[in-house]
Amino acid sequence: MDEAAFLARFRRDGAPAPHPGRFAGHAWEASWEGFARVLAGVGGSLADAAQEPRAAVQAAIDLAGGRVVAAPAAGERLAAAGVSGWEPAGNGAPGRFADVQLGILWAELAVAENAALLFTAESLPERSLAFLAERLLVLVPAGALVGGMAEGVARAPRHGHHHTWMSGPSKTADIEQTLVIGAHGAKALVVVRW
Amino acid sequence: MSSPPRIPAFHRDAGRFLADDARVGWHDQALWHLRAKRDKAAAATPDWEALRDHAAALKAHVLDQLPELWTRFSANARAAGWTVHFAADAAEMRATVHGLLTAAGVRRVVKSKSMLSEECGLNPHLEAHGFEVVDTDLGERIVQLRHEPPSHIVVPAIHLKRAEVGELFHRELGTPAGLDDPTALAHAARADLRRRFLAAEAGITGVNIAVAETGAMVVCTNEGNADLGTALPPLHIAVVGAEKVVPTLDDAGVLLRLLARSATGQPITSYTTHLAGPDPRRPGHACHLVVVDNGRSRLAADEHHRRALSCIRCGACLNTCPVYRRASGHAYGTVIPGPIGAVLAPAMIGTAAARALPFASSLCGSCTQVCPVRIDLHDQLLAWRRQLADEGLVPLSKRLAMRAGAWFLAHPRLFAAGGWLGRRLGFLARLPIPGPHRLWLRHRGMPDLPADSFRAQWKNRHG
Ligand code: SF4
């Protein structure tokens, strides 16, 4: 039906209830310990800071046992650091990642409150890689941690085709409330501070 | 809400579910487990109560501003490349989606969870017209293969045991007979659905939040199925209820902090994706958004019940409800069961068709206690009862019983005598009784009666 006629059905007289403004809630601490704890609770893990990130990523690639593909923003860093054994995402049909064993992504932001990682159209131009890869390795700059989700959302892009918050691997509890990791997307998710 | 409206035969269907004691006990516990996880998540969120207050105020604002917000949304959405459609009712929604699929020459469709498409009967309609529509949320897939509706809005197959899912998958997906391990079953479904995702020509999704500021939709899943269903096929059709818009991305953030915690106790869903129209990197990628009324404008004009449109479909009120936990979702006979379903149904399908549902509550208020957007659910149920009585839709037996009760309670001496007798003859209530009330007593025990009346005890203590 016509938009104007549709909207007229919802029109109300009188002053509307005011918008409550910005929510000034709890000031969550931007701590990697907190992030790691929540991430473990949602089925992911944070690589030990003591391990050199380049070596951690190379070890994961060597153990991948199949195709390893890096999203562009991650690929740039891997190339600069001399990490080998991966291919760039390149161009083509979105289904071309169906046999990828390990996807390597670059997150712009991490949130301690809920272990969410932010991927945007810039860091992850092709979304399908993040959901087709069997496992994910996510590189995140050590300085890109914020405390609360409100702060995270405030920094999310208002423009660009997409952005995704990802908190741990894919999961379901649809059969008898038993948690199963890897319902459709990644079966494992490891975060490395880069 | 669905068409044609069914008369909820709540008593009969709840009775059927209650006949299996073991299942009732297990169902009750599984849902209580979700409620306990919600409580833990709420306790771990220091600003929880303030967050609920804020969300309630935000939703009140939204309900007063729907035309303005959708106008702003559609301008931004069109700039982002969405084609925005408006559908007055379920029939128009079905016709719109059907038309888009036909125009694109699509046959294979993957769908992620959308209570709105259930409400509008989209699947049966498309299937009747030769489309292959595959639900991809695991719970939805299970109930789809069983040809039954979801029994819960977040965990659609909560009424089933693993052995039943194992049998179903053995028959439908060829898993080994007797296999009932949830991980193995879920991974079998994953393999089957992965193939279908890759072959799909269109993806249909629901929308958790539409953001006016960005002209984008937000969709939340734990499985990642909405992401696969939108990242792979060349055509995306999103269907959204007219109440789901918010002004800004920050406002969406407030709801995101509440939704998963209330639903499953997670701090946020595994995947929360914000999509603004077609992907400029994908040639030929087309995106349509269908905004649906289907009774919402009528509810929005109902001063008593319009707050029910604030619902973010978290399912917390279902998980906590002692009636839902024992009756199961199918007993309600509506797409949305539980306390919120019982509040919505009379407005959406009419008071006559939904007349049993406002009584499917103990009015304990637990739903109101957990609702993240502070909908006064139990007050709403009581208000519906009042309206049903005014419309003469309460059965004669109940009306007579109520009148007798009122008369009894208005006569203190009679009440005292009744109590005296009750304390002596109360054991009779434990004897099996015949007739329709038998069911009511099946899962209830009469508590031990005190030796003295309340008034006598009060007198003893306070003189
Ligand atoms: S009424 Fe409240 S508690 Fe129930 S599903 Fe809706 S938002 Fe959740």
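**A walk through the model**

Reply: Happy to! Eight strands make up an open sheet with mixed pairing, in the order 8(A)-5(A)-6(A)-9(A)-9(B)-6(B)-5(B)-8(B). Keep in mind that this is a predicted model.

Me: Which strands stand at the edges there?
Reply: Those are strand 8 (145-146) of chain A and strand 8 (245-246) of chain B. Each has a single partner strand, so one side of each is left without a neighbour in the sheet.

Me: And how do strand 5 and strand 6 of chain B pair?
Reply: Strand 5 (residues 209-211) and strand 6 (residues 216-221) of chain B are antiparallel, with three bridges between them. If you want a spot to look at, B:I209 is opposite B:V218 of strand 6 of chain B.

Me: What does helix 2 of chain A touch in the sheet?
Reply: Helix 2 (residues 32-41) of chain A packs on the sheet and touches strand 5 (109-111), strand 6 (117-120) and strand 8 of chain A. The direction of helix 2 makes about 75 degrees with that of strand 5 of chain A.

Me: What about helix 12 of chain B, which strands does that one lie across?
Reply: Helix 12 (residues 249-264) of chain B lies across strand 5, strand 6, strand 8 and strand 9 (271-275) of chain B, together with strand 9 (162-166) of chain A. Helix 12 runs at about 165 degrees to strand 5 of chain B.

Me: OK, on to the open sheet of six strands. What's the order?
Reply: That sheet belongs to chain A, with parallel pairing and the order 1-12-7-4-2-3. Strand 1 (45-46) and strand 3 (87-88) of chain A are at the edges with a single partner strand each, so one side of each has no neighbour in the sheet.

Me: How many bridges join strand 4 and strand 7 of chain A?
Reply: Five bridges join strand 4 (residues 100-106) to strand 7 (residues 135-140) in chain A. One to find is A:W106, whose bridge partner in strand 7 is A:L139. Helix 3 (residues 53-62) of chain A packs on this sheet, touching strand 2 (67-70), strand 4, strand 7 and strand 12 (188-193) of chain A.

Me: New topic: the ligand. How many residues surround it?
Reply: There are 13 residues around the ligand, and the closest are B:C311, B:C314, B:G315, B:C317 and B:C371. By class, the shell has eleven nonpolar residues, one polar and one charged.

Me: Is B:S310 buried or exposed?
Reply: B:S310 counts as buried, because its relative accessibility is 5% and the cut-off for buried is under 20%. B:S310 lies in the loop between helix 13 (296-300) and helix 14 (316-320) of chain B. Leaving out residues up to four places away in sequence, B:S310 touches B:K59, B:L63, B:V373 and B:I375.

Me: Last topic, aromatics. How many pairs are there over all chains?
Reply: A search of the whole structure finds nine aromatic pairs. One of them is B:Y324 with B:Y332, a tilted pair at 6.1 Å centre to centre and 35 degrees between the planes. B:Y324 is buried at 0% relative accessible area, and B:Y332 is buried at 0% too.

Me: And how far apart are the ring centres of B:F454 and B:W458?
Reply: Their centres are 6.0 Å apart and their planes are at 35 degrees, so this pair is tilted. B:F454 and B:W458 are four residues apart in helix 22 (residues 454-462) of chain B, so about one helical turn separates them. B:F454 counts as exposed at 62% relative accessibility.

Definitions and conventions: Residues are numbered from 1 along each chain as its sequence is written. Chains are lettered from A and ligands numbered from 1 in the order in which they are written. This is a predicted model: local features need pLDDT of at least 70, side-chain atom pairs count only at pLDDT 80 or more; totals for chains, interfaces and linings use all residues. Side-chain values use heavy atoms; hydrogens and water are left out. A residue is near a molecule or strand if one of its heavy atoms lies within 4 Å of it. Ala, Val, Leu, Ile, Met, Phe, Trp, Tyr, Cys and Pro count as nonpolar, Asp, Glu, Lys and Arg as charged, and the others, Gly among them, as polar. Helices (H or I, at least four residues) and strands (E, at least two) are DSSP runs, numbered from the N terminus. Buried means under 20% relative accessible area, exposed over 50%, partly exposed in between (1.4 Å probe, protein chains only). Contact means heavy atoms within 4.5 Å. Two strands pair if DSSP finds at least two bridges between them. Axes are lines fitted to C-alpha atoms, for helices over the stretch in contact, and angles run from 0 to 180 degrees between N-to-C directions. Rings of Phe, Tyr and Trp (its six-membered ring) pair if their centres lie within 6.5 Å; planes under 30 degrees apart count as stacked, over 60 as edge-to-face and the rest as tilted.
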